[in-house]
Amino acid sequence: MNLGIDLGSRKAKFALVQEGRVIRLADHDTVPFYKRYGRLEGEELVLDLAASGLFSTEELEGATVVVTGYGRNTLSLRGARVVSEIRAHVAGALAQTGLDDFTLLDMGGQDTKVALVRGGKLADFVMNDKCAASSGRYLENMAAILEVSLDELSSHWRDPVPLDATCGIFGESELIGQILRGYPMERLCAGVNQTLVKRVLPMLRRFPSETVVLTGGVAHNRALVRLLEDATGRALVVPEHPQHNGAIGCAVIRDQGPGTRDR
C-alpha cells in the first residue's frame, strides 16, 4: 500500500494506492490541516494522519509514504520520501492517462508548471511560481470581485471582455474598471478565463505536442478547457482526478525507502 501526499498551497491532497489502483482520495484545506495535525520537530514536519480521520489505522499501517508539494525544499516529512513536484505530477499524468507523449500543464493554487513528456519520461519543464496571476488564486480573487462562484465563473467563455494586465493586482483594478463600464457578467467571466489562457500560452508554445494533459484544481474550470482547446488547436485531456494528480503520482513512484530526498 502506498500513500501519496501533495501538500499544496491551498489544499493538502492524499491518494492511497495499492498495486496501481486508487483505493481512496482525500483532501483538506492546507492551513487548517497544518494547524490541527502538523507540528515541527527540529527540521522535520510530523503529521498526525491517524488523528485527521482521513484514513483508517489499518490503511496507514505499513503504508509507504511519498510526499511532494508546497514547502518541499524547506521541510522533510518524517518517515516519508520527498520527491519533486514536477516528477510527482508527471508520474500522476502517466498513470492516469496511459499516454507516453504529451505536454503537461499543471495549474495549481499559486503556480503553473508545463512539462514535456516523451516516451514516458520527463524531457524538459518550465515553472511560473513568481506570480499567482496564472494560477487558481487569480480565479478565486476575480470570482470574489465579480461576486460569483468558481463554478459560475467556469461556465462562461463566449465573447470575452479584453483584460490585458499581466499582474494579478493590476488585473483586479482593470476588472473593476470593466465592471463600471457596464459589461454583462457573462462577458466579464469569459474575459477572466481568457486572460488566464493568454498567460499560459507562451509556456505551452515552448513544448509543442499533439496532446496537452491538464491537471491541478484549475482543470475543473470548463471554460478554461474550452478556451485552451480553441487557442492551441490541440487535443486537451483532463484526467479523472486532476486535483489529486500530484498525490497519485507520489503513490505510484517506485519506493526507494523512507527519508530519501529526491532532487
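**Stop 1: the second largest pocket**

Start at the second largest pocket, which holds about 250 Å³ of space. A pocket here is an open set of points on a 1 Å grid over the protein atoms alone, where a 1.4 Å probe fits, with protein on both sides within 12 Å along at least five of seven lines. Its volume is the space filled by probe spheres set on the points, joined across faces, edges and corners. The model is predicted: local features need pLDDT of at least 70, side-chain atom pairs count only at pLDDT 80 or more, and totals for chains, interfaces and linings use all residues. Residues are numbered from 1 along each chain as its sequence is written, and side-chain values use heavy atoms, with hydrogens and water left out.

A lining residue has an atom within 4 Å of a point. The lining divides into 11 nonpolar, 2 polar and 2 charged residues. Nonpolar covers Ala, Val, Leu, Ile, Met, Phe, Trp, Tyr, Cys and Pro; charged covers Asp, Glu, Lys and Arg; the others, Gly among them, are polar.

Now colour strand E1 (2-7), strand E5 (44-47), helix H2 (49-52) and strand E6 (64-69). Each supplies at least two residues of the lining. Helices (H or I, at least four residues) and strands (E, at least two) are DSSP runs, numbered from the N terminus.

**Stop 2: the sheet of 3 strands**

Stay with E5. It belongs to an open sheet of 3 strands, in the order E4-E5-E7, with mixed pairing. Two strands pair if DSSP finds at least two bridges between them. Strand E4 (38-41) and strand E7 (76-77) are the edges, each pairing on one side only.

E4 and E5 run antiparallel, joined by 4 bridges. Pick glycine 38: its bridge partner in E5 is leucine 47. Leucine 40 stands opposite leucine 45. The two strands form a hairpin with 2 residues between them, and glycine 42 in the turn has a positive phi of about 65 degrees.

On the other pairing, E5 and E7 are parallel over 2 bridges. Select glutamate 44 and its partner in E7, serine 76.

Next, show helix H1 (residues 30-37). H1 lies across E4 and E5, at about 65 degrees to E4. Contact means heavy atoms within 4.5 Å. Axes are lines fitted to C-alpha atoms, for helices over the stretch in contact, with angles from 0 to 180 degrees between N-to-C directions.

**Stop 3: the sheet of 5 strands**

Move to the open sheet of 5 strands, ordered E3-E2-E1-E6-E8, again with mixed pairing. Strand E3 (21-29) and strand E8 (81-82) are its edges.

E2 and E3 pair antiparallel over 8 bridges. Leucine 16 has arginine 24 as its bridge partner in E3. This hairpin also has 2 residues between its strands; glutamate 19 in the turn has a positive phi of about 50 degrees.

Valine 67 stands opposite valine 82 in E8.

Helix H10 (residues 245-252) lies across E1, strand E2 (11-18), E3 and E6, at about 145 degrees to E1.

**Stop 4: an aromatic pair**

The model has 3 aromatic pairs. Rings of Phe, Tyr and Trp (its six-membered ring) pair if their centres lie within 6.5 Å; planes under 30 degrees apart are stacked, over 60 edge-to-face, the rest tilted. Select phenylalanine 14 and phenylalanine 55. Their ring centres are 6.2 Å apart and their planes at 70 degrees, so the pair is edge-to-face. Phenylalanine 14 is in strand E2, and phenylalanine 55 is in the loop between H2 and helix H3 (57-60), 41 residues apart.
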